[in-house]
Amino acid sequence: MRWLVTGGAGYIGAHVVAALQEAAVECIVIDDLSTGRAARVPFGVPLLRADVRDGAAVREAFRRHRPDGVIHLAARKDVAESTAHPLRYYQDNLDGLRAVLAAVAATGTRSVLFSSSAAVYGTPRRSPVREQDATEPANAYGRTKLIGEWMLRDAAAGGGFRWAALRYFNVAGAAAPHLRDEGGSNLVPRLLRAAELGIPATVYGTDYPTADGTAVRDYVHVADIADAHVRAALALAADEVRDEVLNVGRGEGASVLQMIAAVGRALGRPLPYDEAPRRTGDPAAVVASPARIRARLGWRARHNLHAIVTSSIAEVAKAA
Ligand code: WQD
């Protein structure tokens, strides 16, 4: 079996490629290396350096490699940037998906796996949040992911291909040092950077209606996210799932203060922190119900919070 992976040189994409290889699925990566890094792509995996919005280049890749399916991860993912430059997000994220879907249609590719996000829920009306709950994204980034799901549904309506969209919750950790998250704008990399620099971490908001007053999220190890992709790809190829939206989270919340404590425990010394006002638009609690992905794919997270944090620290220490 052979799958195309767009964004396969990125933090999550490279973990997906590594997991596919382990499952003996052949991969071809399309990545423009704007945020991805060639060094993350394993030796022997073809890396086509192309912009995923370039319809001709994408179609040519599908024609040449005749993949059984495509995993589409190539996209912008910075929420703050999406608020400052919304049209850049609409253009890049949706033109990229459109080019992929056009190539799928042109070549009769059977399966599409799309990288979606918990950002489609905005502030969930209940926690844990289920796939059928209201989708009210609070920023342009989340809206591009929700529109992406709609595009998939519409493009597949004629029965041309099977699809699944994975709604990732808060992805963290690393399976190997060279695969780590270099973007660094999310909580775990920020906590580790503060520890490295010997400066206090920042807690945004201590007056949330949660047990300790800080925001609660569902942190999930990137290796578990990668495993969800492998299972979804195999299930799509076998026609065991079709037209599915699936949460990928552990179903357990952790507050910012609990994350700071977990990092402190892993480092063997407490991590000092300052309190700051809430970030605008941040929901109090976002926790997945993983019931559907468990039922459909037999997936469950194998890494707990400790593993997420220690793998992030090990990766920083080894890469330093
Ligand atoms: C987590 C919590 C912060 C940094 C975003 C996207 C989401 C997904 C993941 C892609 C929040 C708090 C953070 C810090 C803090 N991306 N925080 N101090 O905002 O939950 O999710 O990234 O799909 O769609 O919205 O993630 O890691 O930025 O923040 O107190 O230094 O930690 O306020 O409550 P977020 P995050």
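L33 lies in the loop between strand 2 and strand 3 (47–48); helices (H or I, at least four residues) and strands (E, at least two) are DSSP runs, numbered from the N terminus. L33 has a positive phi of about 60° although it is not a glycine. This is a predicted model, in which local features need pLDDT of at least 70, side-chain atom pairs count only at pLDDT 80 or more, and totals for chains, interfaces and linings use all residues. Residues are numbered from 1 along each chain as its sequence is written, and side-chain values use heavy atoms, with hydrogens and water left out.

**Ligand site**

- The ligand has 17 residues around it, and Y141, L187, T202, R217 and D282 come nearest. A residue counts as near a molecule or strand if one of its heavy atoms lies within 4 Å of it.
- By residue type, the shell around the ligand holds nine nonpolar, four polar and four charged residues. Here Ala, Val, Leu, Ile, Met, Phe, Trp, Tyr, Cys and Pro count as nonpolar, Asp, Glu, Lys and Arg as charged, and the others, Gly among them, as polar.
- Helix 6 (187–197) and strand 8 (201–204) each supply at least two residues of this ligand shell. Strand 8 gives the most, with three residues.
- Domain 1 (2–172 + 220–248) and domain 2 (177–217 + 251–319) each contribute at least three residues to the shell around the ligand. The domain bounds come from an automatic or database domain assignment.

- A polar side-chain atom of R217 lies 2.6 Å from an oxygen atom of the ligand. A polar contact is a pair of N or O atoms within 3.5 Å; within protein, one must be able to donate a hydrogen and the other to accept it, and residues adjacent in sequence count only if both atoms are side-chain atoms.
- For S117, a polar side-chain atom is 2.8 Å from an oxygen atom of the ligand.
- In the side chain of D282, an N or O atom is 2.6 Å from an oxygen atom of the ligand.
- On its own the ligand has 690 Å² of accessible area, and the protein covers 89% of it. Accessible areas come from the Shrake-Rupley method with a 1.4 Å probe; for residues, only the protein chains shown count as cover.

**Nonpolar core**

- The largest nonpolar core has 37 residues. Such a core is a set of buried Ala, Val, Leu, Ile, Met, Phe, Trp, Tyr and Cys residues joined through side-chain atoms within 4.5 Å.
- I12, L20, I71, L113, Y168, V248 and L297 have the most contacts inside this core.
- Helix 7 provides the largest share of this core, nine residues.
- This core also draws at least three residues from each of domain 1 and domain 2.

**Loop between strand 5 and helix 5**

- E131 sits in the loop between strand 5 (111–117) and helix 5 (140–156).
- E131 is buried, at 9% relative accessible area. Buried means under 20% relative accessible area, exposed over 50%, partly exposed in between (1.4 Å probe, protein chains only).
- A polar atom of the E131 side chain lies 2.8 Å from the backbone nitrogen of N247.
- P128 lies in the loop between strand 5 and helix 5. The peptide bond from S127 to P128 is cis, with omega near 0°.

**Other local features**

- D239, in the loop between helix 7 and strand 11, has a positive phi of about 60° although it is not a glycine. D239 is partly exposed, at 39% relative accessibility.
- G55 is found in helix 2 (residues 55–65) and is partly exposed, with a relative accessible area of 21%.
- G55 and R98 are 43 residues apart in sequence, and their C-alpha atoms are 8.4 Å apart in space.
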